Amino acid sequence: MNPIIQILKELNISDEKIGELFQALTENPMMAMAFIGQLGIPPEKLQAIMSLVMADPGLIEQAVNELGLDFSKVEEAKAKLKSGDA
C-alpha cells in the first residue's frame, strides 16, 4: 500500500475522504490544500506525509494510480500552476 494512503488510514480517514483528497489534488492542487486542512490531520503526521512526498514525489502518482484516478490531470494542474492560469 502507498505510504501516504497508509498514514491517512492510520488516522482513521475514510476511503471516501482519501479518494476525495486525491481527486481534488488531480483537479486543483490549491483546493486540495484546503481539503487537507478540513481533515484535521495532526501537524506531525502532515509533516511526515510532506517529507515522504519531498523525498519521493512519485508517491503521489503511485497513490493516484492505486486509487484508480487519472494522473494526467495532476500534470495538467501542475502546468496551469506554473503558467499562472490556476
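Mentor: A nonpolar core is a set of buried Ala, Val, Leu, Ile, Met, Phe, Trp, Tyr and Cys residues joined through side-chain atoms within 4.5 Å. Buried means under 20% relative accessible area, exposed over 50%, and partly exposed in between (1.4 Å probe, protein chains only). This is a predicted model, in which local features need pLDDT of at least 70 and side-chain atom pairs count only at pLDDT 80 or more, while totals for chains, interfaces and linings use all residues. Residues are numbered from 1 along each chain as its sequence is written, and side-chain values use heavy atoms, with hydrogens and water left out.

Trainee: Which residues touch the most other members of the largest nonpolar core?

Mentor: They are Ile4, Leu8, Phe22, Ile60 and Val64, in a core of 23 residues. The elements giving two or more residues to this core are α1, α2, α3, α4 and α5; helices are DSSP runs of H or I with at least four residues, strands are runs of E with at least two, and both are numbered from the N terminus. The largest share, 5 residues, comes from α2. In soluble globular proteins, nonpolar side chains tend to be buried together.

Trainee: What does Ile60 touch, not counting residues up to four places away in sequence?

Mentor: Ile60 is in contact (heavy atoms within 4.5 Å) with Ile4, Leu25, Val53 and Phe71.

Trainee: Why does Asn2 count as buried?

Mentor: Asn2 has 0% relative accessibility, so it counts as buried. Asn2 is placed in the segment before α1. Beyond four places in sequence, Asn2 touches Leu59, Gln62, Ala63 and Glu66.

Trainee: In the loop between α1 and α2, what makes Asn12 count as exposed?

Mentor: The relative accessibility of Asn12 is 71%, and therefore Asn12 counts as exposed. Phi of Asn12 is near 60 degrees, a positive value in a residue other than glycine.

Trainee: Why is Ile13 called buried?

Mentor: Its relative accessible area is 11%, so Ile13 is buried. Ile13 lies in the loop between α1 and α2. Leaving aside neighbours within four places in sequence, Ile13 is in contact with Leu8, Ile18, Leu39 and Ile41. Leu39 is in the loop between α3 and α4, and its contacts, with residues up to four places away not counted, are Ile13, Lys17 and Leu21.

Trainee: How much space lies in the largest pocket?

Mentor: About 580 Å³. Of its 25 lining residues, the closest to its centre are Leu25, Pro29, Met50, Val53 and Ile60. On a 1 Å grid over the protein atoms alone, a pocket is an open set of points where a 1.4 Å probe fits, with protein on both sides within 12 Å along at least five of seven lines; lining residues have an atom within 4 Å of a point. Points are joined across faces, edges and corners, and the volume is the space filled by probe spheres set on them.

Trainee: How do you know how far to trust the protein chain?

Mentor: By pLDDT, the predictor's confidence in each residue, from 0 to 100. The chain has a mean of 86, and 93% of its residues reach 70 or more. Confidence is highest in α1, at 95, and lowest in α6, at a mean of 73.
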